[in-house]
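Thanks for making the time this morning. I would like to walk you through one model, starting with its pocket and then moving to a few residues in loops and at the chain ends.

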Amino acid sequence: MIQVVHRALNIIEYIAASGRKDVPLAEIANHLKLNHGTCANIIKTLVVRDYLVKGAKKGYGLGPMIYFLTGDNSYSIDIINASREPLVTLMHSINENCMVGILRGDMRVSLHEAYAEQELQVINKREKKATQTASGRVLLAYLSEKKLSDFIVNYGLPAIDVWPGVQTEEDFRRALSEIREKGYAVQVARSRILGVAMPVAKNGEVIAGLGVFLPEFRFDETARKSILSHMQKTVEEISLALP
């Protein structure tokens with residue numbers, strides 16, 4: 001038997017059984033009779049792999065991978081509930097379609113959407129390659145160095161026709177760095193559909209992306225300023241509403 005595997009599973013099971021979102025490291029280590037340093041190292045790995053998340057009170061809770069593996073959408077419910085009203089308000093404010101999504105593997109998965117009444121409508125696909133969407137690129141831009149490196153190893157670089165100007169890993173990292181510096185991403189598909197997205201954070205960690213999608217011709221300078229301003233306000237509202 002591999003002892004570290006048993007310890008990792010014991011940690012996950014103890015946190016799950018506690019019924020709390022934030023279980024302190026010291027409590028976990030003491031209950032499982034683990035050296036605190038050993039316990040911290042195991043937990044760090046579980047956090048990197050999304051099996052645990054660090055809470056606001058220096059404790060740990062179950063991460064999204066636990067729910068994704070079982071098909072349980074409860075992890076996403078908090079994001080959906082927090083974004084439901086702000087999305088509708090944003091949609092009415094800019095009269096464009098909007099959504100909130102998360103990163104799952106190499107896919108951007110839309111959790112909730114609000115559609116405006118426009119004669120020319122853009123229908124958003126629920127799942128799409130992250131590198132092909134503005135919201136997916138925002139989520140990639142805010143990954144930790146370890147998670148980004150793992151993403152590149154597992155899924156490779158975007159095709160040149162998907163992300164013009166990105167041919168090497170250096171190009172990819174530079175493009176993501178530029179998104180972080182601006183605080184938002186803009187992406188135009190070959191169909192001339194434009195997406196703009198901003199990160200939604202909880203306790204300083206980006207957990208979702210807020211996106212607006214519309215025909216490129218409607219994204220003039222006046223619309224750009226209005227959309228970005230209203231999106232920033234919406235991001236703040238969603239973040240505050242997250243439990």
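**The pocket and a few loop residues**

In the lining of the largest pocket, α7 provides the largest share, with five residues. Before I go on, please keep in mind that this is a predicted model, in which local features need pLDDT of at least 70 and side-chain atom pairs count only at pLDDT 80 or more, while totals for chains, interfaces and linings use all residues. Residues are numbered from 1 along each chain as its sequence is written, and side-chain values use heavy atoms, with hydrogens and water left out.

A pocket here is an open set of points on a 1 Å grid over the protein atoms alone, where a 1.4 Å probe fits, with protein on both sides within 12 Å along at least five of seven lines, and lining residues have an atom within 4 Å of a point. Helices (H or I, at least four residues) and strands (E, at least two) are DSSP runs, numbered from the N terminus.

The volume of the largest pocket is about 890 Å³, a volume being the space filled by probe spheres set on the points, which are joined across faces, edges and corners. Its lining has 28 residues, and Val48, Asp50, Leu103, Leu143 and Lys147 are the ones that lie nearest the centre. Among the elements that each supply at least two lining residues are α3 (36–48), α5 (74–94), β4 (97–104) and α7 (145–155). By type, the lining divides into 18 nonpolar, three polar and seven charged residues, where Ala, Val, Leu, Ile, Met, Phe, Trp, Tyr, Cys and Pro count as nonpolar, Asp, Glu, Lys and Arg as charged, and the others, Gly among them, as polar.

Lys33, in the loop between α2 (25–32) and α3, has a phi near 55°, a positive value in a residue other than glycine, and Lys33 is exposed, at a relative accessible area of 74%. Asn203, in the loop between β8 (193–202) and β9, likewise is not a glycine and has a positive phi of about 55°; its relative accessibility of 51% makes it exposed.

Leu242, by contrast, sits in the segment after α9 (221–241) and is buried, with a relative accessible area of 11%. Leu242 and Asn203 are 39 residues apart along the chain, and their C-alpha atoms are separated by 9.6 Å.

Technical notes:
Buried < 20%, exposed > 50% of the residue type's maximum accessible area, 1.4 Å probe, protein only.
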